[in-house]
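This report describes one protein model and its ligand surroundings. The sequence and structure come first, followed by the text.

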Amino acid sequence: MLGHLPIHSFTHSPIDSSAKVGHETEAGAARGGGTVTFGLVFALCCPMKYYKLTAALLVAASAAHAAPPTPGQLIYQKNCARCHGRDGRLGLNGAHDLTKSNLNAFGRTYLVTNGMGKMPSFQKTLTPAQVAQVVAYSQTLK
Ligand code: HEC
C-alpha cells in the first residue's frame with residue numbers, strides 16, 4: 001500500500017541539481033507525505049469495513065503521482081527534443097530515431113557526454129547524474 005514511498009525518496013535525491021526539477025519533486029514529496037499520514041490515521045481509527053475504501057483512496061493517490069514528468073524526461077524535453085522530438089522520432093539535423101536505437105546505456109552515455117557528428121556534447125550542460133537520468137529516459141522511448 002505504501003509502495004510509492006521509495007519513489008519519493010529517489011526523486012528527492014540530491015542528484016536533482018536543476019532548480020526546476022528540484023521544485024517539482026519537492027511538491028510531489030510534500031503531497032506524498034500528506035497522503036500517507038492521512039492513510040495511516042484513517043486506517044488506525046476506522047473499523048475493518050473501511051479498509052477497502054482506504055486502500056482505494058491510497059491507490060488513486062499514487063496513480064496521481066505517476067503523472068508529473070520524471071527528472072530524466074524534463075532534461076530530455078529541454079535538451080534533446082529539439083532534434084530528436086518528444087517521442088524520439090523527429091530526426092531533425094540528421095538525428096537518429098531513438099525508438100529504433102540499439103545503443104545500450106554505456107554507448108548512449110558516451111554519445112551524450114562527448115557528442116558525435118552533428119550531435120552536440122552535453123558535458124558542459126549536464127552533470128554526469130543528469131546524463132544518466134536522460135539516458136535512462138531515452139531508453140524508455142520505444
Ligand atoms: C542538435 C541536434 C541534437 C540534439 C540537441 C541531440 N541530439 Fe542526439 N543525435 C543527433 C544526431 C545528429 C545524431 C547522430 C550522430 C551520428 O551518429 O553522427 C544523434 C544520435 C543520438 C543517439 C544515438 C542513436 C543511435 O542509435 O544511433 C542517441 C542515443 C542520442 N542522440 C541521444 C540524445 C540525447 C539523450 C540528447 C539530449 C541530451 C540528444 N541526443 C540531443 C542530434 C542531436
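Which residues make up the largest nonpolar core? In this predicted model, that core consists of L74, I75, Y76, C80, L111, V112, L126, V131, V134, V135 and Y137, 11 residues in all. Two or more residues of this core come from each of α4 (71-79), α6 (105-114) and α7 (128-138). The element that gives the most is α7, with 4 residues.

Apart from neighbours within four places in sequence, V131 is in contact with T109, V112, T113, F122 and L126.

**Overall fold**

The protein has 7 helices and 0 strands, and its pattern along the sequence reads α-α-α-α-α-α-α. Of its 142 residues, 19% count as buried. Among the contacts in the protein with a separation of 6 or more, 54% are between residues 24 or more positions apart.

**Ligand shell**

The ligand is surrounded by 23 residues, and the closest are C80, C83, S101, G117 and M119. At least two residues of the shell are supplied by each of α5 (81-84), α6 and α7. How do the residues of the shell divide into nonpolar, polar and charged? The table gives the counts.

| Class in the shell around the ligand | Residues |
|---|---|
| Nonpolar | 12 residues |
| Polar | 8 residues |

**A backbone detail**

N93 is not a glycine, yet its phi is positive, at about 55 degrees. This residue is placed in the loop between α5 and α6. Is N93 buried or exposed? N93 counts as exposed because it has 12 C-beta neighbours inside 10 Å, and the cut-off for exposed is 12 or fewer.

**Confidence**

The mean pLDDT of the protein is 74, and 53% of the residues reach 70 or more. Over residues 1-34 the pLDDT is below 50, and this stretch has 27 contacts in the model beyond near neighbours in sequence. Residues 38-44 also have a pLDDT below 50, with 5 contacts in the model beyond near neighbours in sequence. Where pLDDT is low, the predicted coordinates should not be read in detail.

Technical notes:
Residues numbered from 1 in each chain as written. Predicted model: local features only at pLDDT ≥ 70, side-chain atom pairs only at ≥ 80, totals over all residues. Core = buried A, V, L, I, M, F, W, Y, C linked by C-beta atoms within 7 Å. Buried ≥ 20, exposed ≤ 12 C-beta atoms within 10 Å, placed from the backbone. Contact = placed C-beta atoms within 7 Å. Near = placed C-beta within 6 Å. Nonpolar A, V, L, I, M, F, W, Y, C, P; charged D, E, K, R; others polar. pLDDT = per-residue confidence, 0-100.
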